Amino acid sequence: DYLTDGVRRSLYFGDLPDEKEAICISTHFCGTFHVYPLDGESMLVRYRPYNGINRTYKLTWENNFNNLLESLYETTGHEVFAEKITY
């Protein structure tokens, strides 16, 4: 839910960078997310649920990207998301 506020989401069917370049977020009940920065306005998120079909989404933010970073930081506690981007 945190990732849907102010974000356009679409399925992505293209190639992904090497998984070693992704930020990996594991959740206890859902599955694993691999986050790949794409450009200044979007990112790719590969979702691998524990039960179900793997999906890859392109997330494009319509509002301030710092809001998305803050949501990711609150969800994961991962320090890489604690940064603020200055425009």
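The chain contains one helix and five strands. Along the sequence these elements follow the order β-β-β-β-β-α. Of the 87 residues in the chain, 33% count as buried. The chain exposes about 6,200 Å², and carbon and sulfur atoms supply 49% of this area. Among the contacts between residues at least 6 apart in sequence, 31% join residues at least 24 apart.

In soluble globular proteins, nonpolar side chains tend to be buried together. In the predicted model, the largest nonpolar core comprises 12 residues: I23, I25, V35, M43, V45, Y57, L59, W61, L68, L69, L72 and F81. Two or more of these residues come from each of β2, β4, β5 (55-61) and α1 (65-76). One member of the core, F81, was examined for its contacts beyond four places in sequence; F81 touches I23, I25, L69, L72, Y73 and T76. Of these partners, I23, I25, L69 and L72 are themselves listed in the core.

Aromatic side chains were considered next. The count of aromatic pairs comes to one. This pair is formed by F33 and Y47, whose rings are stacked, with a distance of 4.8 Å centre to centre and an angle of 25° between the planes. The angle falls under the 30 degrees below which planes count as stacked. F33 lies in strand β3 (residues 31-39) and Y47 in strand β4, so the pair ties together parts that are 14 residues apart in sequence. F33 has a relative accessibility of 22% and counts as partly exposed, whereas Y47, at 16%, counts as buried. The two residues are classed on either side of the cut-off because buried means under 20% relative accessible area.

Charged side chains gave a count of one salt bridge. E19 forms this salt bridge with R48, and the closest N and O atoms are 3.2 Å apart. E19 is located in the loop between β1 (7-11) and β2 (23-26), while R48 is located in strand β4 (residues 42-49); the pair therefore ties together parts that are 29 residues apart in sequence.

Terms used. Residues numbered from 1 in each chain as written. Predicted model: local features only at pLDDT ≥ 70, side-chain atom pairs only at ≥ 80, totals over all residues. Heavy atoms only, no water. Salt bridge = Lys/Arg side-chain N within 4 Å of Asp/Glu carboxyl O. Helix = DSSP H or I, 4+ residues; strand = E, 2+ residues; numbered from the N terminus. Buried < 20%, exposed > 50% of the residue type's maximum accessible area, 1.4 Å probe, protein only. Contact = heavy atoms within 4.5 Å. Areas by Shrake-Rupley, 256 points an atom, 1.4 Å probe, with all protein chains shown as cover. Core = buried A, V, L, I, M, F, W, Y, C linked by side-chain atoms within 4.5 Å. Phe/Tyr/Trp six-rings, centres within 6.5 Å; stacked < 30°, edge-to-face > 60°.
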